[in-house]
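Q: I would like to learn how to read the features of a structure such as this one. Could we go through it step by step?

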Amino acid sequence: MRVRAPGECARERSERGQNRPVTSYSDRARTNRATALRSLRLLTVRDLKVRYSTSLLGYLWSILDPLIMSLIYWFIFTQLMSRSLGEAPYIVFLLCAMLPWVWFNGAIGDSFLRDVKLVRSVSLPRWVWVARIVCSKGIEFLLSLPVLAVFAIFSGAELNWMIVLYPLGIVLMAALVLGLGLLVAPLVVFFRDLERATKLVLRVLFYASPIIYGVGDLPAAAAPLAWANPLSGVFSLFRAGFFPDQLDWALVGVSAAITAAILALGVLVFQRSVGGVLKEL
Amino acid sequence: MPSEDTSIITAAGLGVRFRRNRGARRSFKDLFSGKRRRSRAGEFWALREVSFSVRAGEAIGVVGRNGQGKSTLLKLVAGVLLPDEGAVRVHGGVAPLIELTGGFAGDLTVRDNIHLTAGMHGLSRRQIAERFDSIVGFAEADDVLDTPFKHLSSGMKVRVAFAVVSQLDEPVLLVDEVLAVGDKAFRNKCYRRIDELLAEGKTLFLVSHNERDLRRFCSRGLYLDKGRLQFDGPIDEALARYNADHNEG
C-alpha cells in the first residue's frame, strides 16, 4: 500500500526543508507505516468483534444474507422456471459470485462516515479508515467460504485445478473494493445524498454483473456491458475452480486494467479531498 | 537530536478555511483544480498566518473567545485536521485529549476499548499489558472492566479515556477543555497527573477558559482572536490582553 495522506506528505516535506538527517526521516516513515498497519489490524479486529459480539448469532447473520439470496434465486431459476442461465449445479454457480458480491456491496455501501468521532480524534494515515472496511468485510467473506464448500460437496460440483486462481480473484477484488472505497468515501462526505444514490447504483450493479448469470449468457448486444464491468473478470476467476468454461483471460485482463485505473483514480481523489473531508466531519 | 534546534512543535503560516454555510455547493471540479484557485465565496479563514515554535517541556495555554480558532489550532497540531496553508511539524507523537471518548466503541467492553485505543495510539501489546493495571487503577474502573462502554456513566467514560490517553508515552500532550468534566476528586487527580507529565518533561498544549487552570500549568500563552495569533508571550500577559479586549464590564 503506497497511499499517503497529504498531511503526512506535508509533514515530511517540512522535515526535508529543515535538513534533517536522511536516516531519521526514513525511520520516521517506517514507524509511521508500522503504526498504520498495526492500527489497520486493530480496527479490523474491532470491526469484527463489534459485529460478532453484539449478537450470539453474529456469524450466522453474516452468512445468512448471501445464503437466503442465493436460495431465492436458485428457487426461482431452477424450480419455478426452467433454468437457461449459468451452469449446474446452479446453487454453487450462484454462491461463487454471491459471496464476493456481499463483500463488495458491504464495503462500498459503508463509508468512513460511520466512525466520525474516531476519525476526528486519531491521527492516522487516512487511507487506513477505508482499508479497514475492505479488510473487515474481506475477512467476513473468507469466513463465509465454508458455506460454499458445504454446498459444493452436497451438490456434487466438480472441483478442478483452477481453484488455485481463487486467491488471485481475492487480490483483484480487494484492489477494486479499495479503489472504489477511496473514491466513494470522500464523495459521500461532501454530498450526503450520494449515500442513497450509492445504494441504488449497487442494486443496479448487482443485476448488471454476472452473478445470477454468466458472461456467456448475455446477448451479443449487452456484451460490452460485461467488458466494462470489472466485476465480471473477478467473478470469472472466482468461478473458474468449479466452472472452467466461465474463465475468460481476456476478460480478466480488461477487468484488472480497469481495477488498476479505478485504484489510481481513487488514490488521487482521496489525496486531493482528504483535507476537506476532515473539515466536513 | 543532531540539530541544535530544540523545538518540538513548529507551525509556519498556518491557515485553515471553513465553509460558512452548508448550502455552498462544492463541485467535482474542485478536486482537480489547483489549491490557489480554490478560494471561494462563502468561506472564511478560521485561522490564518499563525506561526510559532514550541520547545520541548514548555507548557502553553491557548486563550481566546469561542470560535476564534483555539480548538482548530489544537486539531492541526494533533494532525486530525489538515491546514490549507502553511505546515505544522511535530517532532514525535502527540497524545490528544480532544474528543476524548470519541475513539471508543460502545458495544465493546472497557477492557477491549483500552487495548484498542492504546494500540491505535502506538503502544505495543506488551506496553499495554504493562500499563493496563495503572490505567484501570487511575480510572477506578475495576468494577466495570467487562461492561460494554456504552453502559458507563458519562463521567466514567471520560475517566477511562483520560486514563488511557494520559498513559501514552507521547512527548506532546494536547488538552482541550476536558478538565471541566468529572467530579472534583477526579479533576484533582487529573491535575496531579498533568503535573507529573510536566515534571517528566512533556510538552503541554492546553485550551481552557479557566484562568486558574491556565495560570497553574502554563508559563506561556497564545492569544487567538479573529483567527490570528494576536499575542505570544508569558501567560499572565496573554490573559491580560485577552481580558482587556473582551472586558464585558
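The dialogue below takes up chain B as a whole, then a sheet and a helix, then single residues.

A: Keep in mind at the outset that this is a predicted model.

Q: What does the secondary structure of chain B come to, and what percentage of its residues is buried?
A: Chain B has 8 helices and 9 strands. Of its 249 residues, 53% are buried.

Q: Among contacts in chain B between residues at least 6 apart in sequence, what share joins residues at least 24 apart?
A: That share is 72%.

Q: What is the strand order of the open sheet of 3 strands in chain B?
A: The order is 2-1-4, and the pairing is antiparallel. Strand 2 (43-55) and strand 4 (85-90) of chain B each have a single partner strand and stand at the edges, so one side of each lacks a neighbour in the sheet. On average, neighbouring strands here are turned by 20° against each other, direction ignored.

Q: How many bridges join strand 1 and strand 4 of chain B?
A: Strand 1 (residues 7-19) and strand 4 of chain B pair over 5 bridges, in the antiparallel sense.

Q: Why is helix 2 of chain B described as largely enclosed by the rest of the structure?
A: The criterion for a buried residue is a relative accessible area under 20%. In helix 2 (residues 70-78) of chain B, 7 of the 9 residues are buried, so the helix is largely enclosed by the rest of the structure. The buried residues are B:Lys70, B:Thr72, B:Leu73, B:Leu74, B:Leu76, B:Val77 and B:Ala78. Just after this helix, B:Gly79 has a positive phi of about 80°.

Q: Which residues touch the most other members of the largest nonpolar core?
A: That core has 113 residues, and those with the most contacts to other members are A:Phe104, B:Ile9, B:Leu73 and B:Phe205. Leaving aside residues up to four places away in sequence, B:Leu73 touches B:Leu14, B:Leu47, B:Val50, B:Phe52, B:Val62, B:Phe205, B:Leu222 and B:Leu224. Another core, of 46 residues, lies apart from the largest one and includes B:Leu97, B:Leu168, B:Cys190 and B:Ile194.

Q: Is A:Ser232 buried or exposed?
A: A:Ser232 is buried, with a relative accessible area of 0%. A:Ser232 belongs to helix 10 (residues 230-240) of chain A. Its side chain reaches the backbone oxygen of A:Ala226 at 2.4 Å. Not counting residues up to four places away in sequence, A:Ser232 touches A:Pro210, A:Val215, A:Ala226, A:Leu251 and A:Ser255.

Notes:
Residues numbered from 1 in each chain as written. Chains lettered and ligands numbered in written order. Predicted model: local features only at pLDDT ≥ 70, side-chain atom pairs only at ≥ 80, totals over all residues. Heavy atoms only, no water. Buried < 20%, exposed > 50% of the residue type's maximum accessible area, 1.4 Å probe, protein only. Helix = DSSP H or I, 4+ residues; strand = E, 2+ residues; numbered from the N terminus. Core = buried A, V, L, I, M, F, W, Y, C linked by side-chain atoms within 4.5 Å. Contact = heavy atoms within 4.5 Å. Pairing = 2+ DSSP bridges. Axes fitted to C-alpha atoms, helices over the stretch in contact; angles between N-to-C directions. Polar contact = N/O pair within 3.5 Å; in protein donor to acceptor, adjacent residues only side chain to side chain.
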